[in-house]
Amino acid sequence: MKLEKRSSDACQVPKAAENGCARKGRSHVLIYILILFIAAFFLMTLSFLSHQRSNEQVLGQLHANATNLEKLQSALEQNVRLQEQVDAQKRQMEDLKKELAASEGAQTQLKEKISALDKSLTELENAWEALQKTSSAVDALTQLQQLLIAGDTASCRKIIADMETTGLDKFLPAAASSPGGISPQQMFQQAKLLAAAPAE
């Protein structure tokens, strides 16, 4: 009986050792699996954080690119507005050049008209002056004839000398006022001869 007990105890001891070894093996496996899970979780967390950081950088770059695109769009719009203003200024400058050319042409025409008017005015002034001198010469001739009729030859000679000195005798008309009549110049020459003749 004792031998049976011992053999049964001997059989039971390895079973307990096997059970202990199995439990120890299981606990090691569980710890190993747990460590693997923790490492995998840790690696997944690192990977997630790395991806998150990478995504944030990409989003930051995209945001910066969007901001740059908005600035570029704004600059392009401003450039278009400035180009339109430049075109408008060019058109306005061309219009002003055309107006200036037209005004220069009008100014040239006005200068020509003013020059023609000045010439006409000068001619009219000369004609008026000649007419006044002719009138003065005719008045002097009339006075000369009246003095001749009165017999005052001394005064006649004085008037004749004054007329020749001032040149009024040249402004006496050379044509007669009526057909077959005597011209004022001929009258002056006759008066001159009469005044030069000695008194009887």
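K133 counts as partly exposed, at 33% relative accessibility. Partly exposed sits between two limits: buried means under 20% relative accessible area and exposed means over 50%, using a 1.4 Å probe and protein chains only. This is a predicted model, in which local features need pLDDT of at least 70, side-chain atom pairs count only at pLDDT 80 or more, and totals for chains, interfaces and linings use all residues. Residues are numbered from 1 along each chain as its sequence is written, and side-chain values use heavy atoms, with hydrogens and water left out.

Start with the overall plan. The protein has 3 helices and 0 strands. From the N terminus, its elements run α-α-α. Helices (H or I, at least four residues) and strands (E, at least two) are DSSP runs, numbered from the N terminus. Of the 200 residues, 10% are buried. The protein exposes about 16,800 Å², and carbon and sulfur atoms supply 61% of that area. Accessible areas come from the Shrake-Rupley method with a 1.4 Å probe; for residues, only the protein chains shown count as cover.

Now return to K133. Its side chain meets that of E129 in a salt bridge (3.5 Å, N to O). A salt bridge is a side-chain nitrogen of Lys or Arg within 4 Å of a carboxyl oxygen of Asp or Glu. Both residues lie in helix α1, 4 residues apart, about one turn of the helix. E129 is partly exposed, with a relative accessible area of 41%.

The structure holds 3 salt bridges. Another joins K158 to D162, with the closest N and O atoms 3.3 Å apart. This pair lies in helix α2, again 4 residues apart, about one turn of the helix. K158 is exposed at 54%, while D162 is partly exposed at 40%. E164 and K192 also form a salt bridge, their closest N and O atoms being 2.5 Å apart. E164 lies in helix α2 and K192 in helix α3, so this pair ties together parts that are 28 residues apart in sequence. Side chains of opposite charge can pair when their charged atoms come close.

What about a charged residue without such a partner? D169 is buried yet has no salt bridge. The nearest side chain of opposite charge, K170, is 4.4 Å away. (Lys and Arg count as positive and Asp and Glu as negative; His and the chain ends are not counted.) D169 is found in the loop between α2 (153–166) and α3 (184–196). Leaving aside neighbours within four places in sequence, D169 is in contact (heavy atoms within 4.5 Å) with M163, E164, Q185 and F188.

The largest nonpolar core has 14 residues. Such a core is a set of buried Ala, Val, Leu, Ile, Met, Phe, Trp, Tyr and Cys residues joined through side-chain atoms within 4.5 Å. Those with the most contacts inside this core are L144, I159, M163, L172 and F188. Each of α1, α2 and α3 supplies at least two of the core's residues. The largest share, 5 residues, comes from α1. L172 contacts A137, V138, L141, M163, P184, Q185 and F188, leaving aside neighbours within four places in sequence.

Look also at C156, in helix α2. C156 counts as buried, at 0% relative accessibility. Not counting residues up to four places away in sequence, C156 touches L144, L147, L148 and A195. C156 and L194 are 38 residues apart in sequence and 9.2 Å apart in space, C-alpha to C-alpha.
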